Amino acid sequence: MVELIYNSSDVIDSNVVVNSQNITGSRHVFDSSDVRESIEVIGSNIVKNSEKVFGSSIVNSSNKVFSSSNIIESSNVINSMTIVNSYNIMKSSQCYDSSEIINSIGLENCFFCFDCADSTNLMFCKGVMDSDYQIFNKPVTKRQFDLFAQQYKEFMICSLAFAQ
């Protein structure tokens with residue numbers, strides 16, 4: 001293992017570490033602190049088991065996180081806070097088990113939503129507030145939502161298989 005450690009302290013089993021403190025089992029860490037088992041971390045603090053984390057804090061088991069905080073088991077997160085088990089989230093906060101979310105707050109199990117708040121089980125919605133079970137901004141039953149979500153998932157899997 002090639003080691004390059006510059007202006008850093010408390011570095012264990014890591015390489016290419018610059019201006020950083022408390023780094024363990026990580027590679028390519030710059031201007032960061034409290035980084036464990038991570039790769040490509042720049043200007044971040046309290047990062048564990050993550051990759052490609054830039055200007056963020058409190059990131060665990062995530063990748064491609066930019067200017068965000070409190071990110072857990074998520075990927076492709078930009079300018080967001082408190083995101084858990086989600087991906088492709090931008091300018092949002094308090095999103096759980098969701099994907100493709102922009103400029104939203106307080107969402108759970110939501111997909112392809114923009115400018116939504118305090119809602120659960122939304123798909124392809126814009127501007128929905130304090131609601132549950134909607135598709136294209138129209139109320140649906142739980143059964144209808146689950147069926148549509150399953151059909152969409154199957155469609156995406158087929159599309160990806162066809163693309164390869």
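Visitor: Which residues is Cys 113 in contact with, leaving aside its neighbours within four places in sequence?
Guide: This is a predicted model. In it, Cys 113 touches Glu 100, Ile 101, Ile 102, Ser 104, Leu 107, Leu 122, Met 123 and Cys 125. Cys 113 also belongs to the largest nonpolar core, which has 22 residues. Among those with the most contacts inside that core are Ile 101, Leu 107 and Leu 122.

Visitor: How many aromatic pairs does a search of the whole structure find?
Guide: Eight. One of them joins Phe 112 and Tyr 152.

Visitor: What makes the pair of Phe 112 and Tyr 152 edge-to-face?
Guide: The angle between the planes is 80°, and the label needs over 60 degrees. The centres lie 5.8 Å apart, against a limit of 6.5 Å for pairing.

Visitor: Why does this pair tie together separate parts?
Guide: Phe 112 sits in strand S19 and Tyr 152 in helix H1, so the pair bridges parts 40 residues apart in sequence.

Visitor: Why is Phe 112 called partly exposed?
Guide: Its relative accessible area is 31%. Buried means under 20% and exposed over 50%, so a value in between is partly exposed. Tyr 152, at 22%, is partly exposed.

Visitor: How do you know that Phe 124 and Phe 148 are edge-to-face?
Guide: Their planes stand at 90° and their centres are 6.3 Å apart, so the pair is edge-to-face. Phe 124 is in strand S20, Phe 148 in helix H1, 24 residues apart.

Visitor: Which residues form one aromatic cluster?
Guide: Phe 112, Phe 124, Phe 136, Phe 148 and Tyr 152.

Notes: Residues numbered from 1 in each chain as written. Predicted model: local features only at pLDDT ≥ 70, side-chain atom pairs only at ≥ 80, totals over all residues. Heavy atoms only, no water. Core = buried A, V, L, I, M, F, W, Y, C linked by side-chain atoms within 4.5 Å. Buried < 20%, exposed > 50% of the residue type's maximum accessible area, 1.4 Å probe, protein only. Contact = heavy atoms within 4.5 Å. Phe/Tyr/Trp six-rings, centres within 6.5 Å; stacked < 30°, edge-to-face > 60°. Helix = DSSP H or I, 4+ residues; strand = E, 2+ residues; numbered from the N terminus.
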